[in-house]
Amino acid sequence: MARFRWMLFLLVALALPAHADDVVYPPGSRLGLVPPPGLHASTSFPGFEDRDNNVALLLGALPPEAYAQFEKSDSAEGLKKLGATLEKREILELPNGKAILVIGRQEKLSTWMLVEALPDMTAMITLRLPDTAKDIYPEKVLRAMF
């Protein structure tokens with residue numbers, strides 16, 4: 001009987017949805033976040049993806065001094081070299097430190113890049129969002145994730 005209860009408990013626990021505050025660390029990444037519904041840990045790169053909607057969220061860890069370089073850089077010029085235009089550049093104060101959010105645009109695609117200064121690294125999160133997925137991942141949801 002005890003074995004049956006344990007198996008029942010395990011099945012119920014596995015069936016429950018993850019809590020909204022559960023941070024997910026994709027394989028190969030020191031960084032984790034709470035992805036919005038629809039984004040799942042990728043098996044081919046450190047980050048998250050929604051293959052059905054061609055959305056990719058890449059996570060990267062850089063040396064701590066990299067943040068200062070991003071802070072001094074000209075986002076508009078950097079995006080122009082990539083064939084994109086700058087929509088927004090914001091300095092943010094996050095619980096773990098300061099960050100820069102850059103939003104660029106290239107044809108039917110938005111690119112969001114958040115660079116955050118952390119004590120032991122510079123975290124870089126890059127989101128590639130096609131226009132066709134903007135209703136699925138509205139700005140309010142993306143900002144909460146970042």
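This is a predicted model: local features need pLDDT of at least 70, side-chain atom pairs count only at pLDDT 80 or more; totals for chains, interfaces and linings use all residues.
How much space lies in the second largest pocket?

**Entry 1**

I looked up the volume, and the second largest pocket holds about 310 Å³ of space. Next I asked which residues lie nearest its centre. They are L79, L82, V102, T111 and M113, out of 20 residues that line this pocket. I then checked the elements: helix 3 (75–81), strand 5 (97–106), strand 6 and strand 7 each give two or more residues to the lining. Sorting the lining of the second largest pocket by class, I noted ten nonpolar, seven polar and three charged residues.

**Entry 2: the largest pocket**

I turned to the largest pocket, with about 420 Å³ of space. Its lining has 19 residues, and G32, L33, N96, E116 and F146 are the closest to the centre. Strand 6 (109–118) and strand 7 (121–130) come up here too, each supplying at least two residues of the lining of the largest pocket. By class, I wrote down 15 nonpolar residues, two polar and two charged for the largest pocket.

**Entry 3: a look at D52**

I wanted to know where D52 sits. I found D52 in the loop between strand 2 (47–50) and strand 3 (55–62). Is D52 buried or exposed? Its relative accessible area is 74%, and the cut-off for exposed is over 50%, so D52 counts as exposed. Last, I looked up the spacing of D52 and G38: they are 14 residues apart in sequence, and their C-alpha atoms are 9.2 Å apart in space.

Definitions and conventions. Residues are numbered from 1 along each chain as its sequence is written. Side-chain values use heavy atoms; hydrogens and water are left out. On a 1 Å grid over the protein atoms alone, a cavity is a set of points where a 1.4 Å probe fits but cannot get out, and a pocket is an open set with protein on both sides within 12 Å along at least five of seven lines; lining residues have an atom within 4 Å of a point. Grid points are joined across faces, edges and corners, and a volume is the space filled by probe spheres set on the points. Helices (H or I, at least four residues) and strands (E, at least two) are DSSP runs, numbered from the N terminus. Ala, Val, Leu, Ile, Met, Phe, Trp, Tyr, Cys and Pro count as nonpolar, Asp, Glu, Lys and Arg as charged, and the others, Gly among them, as polar. Buried means under 20% relative accessible area, exposed over 50%, partly exposed in between (1.4 Å probe, protein chains only).
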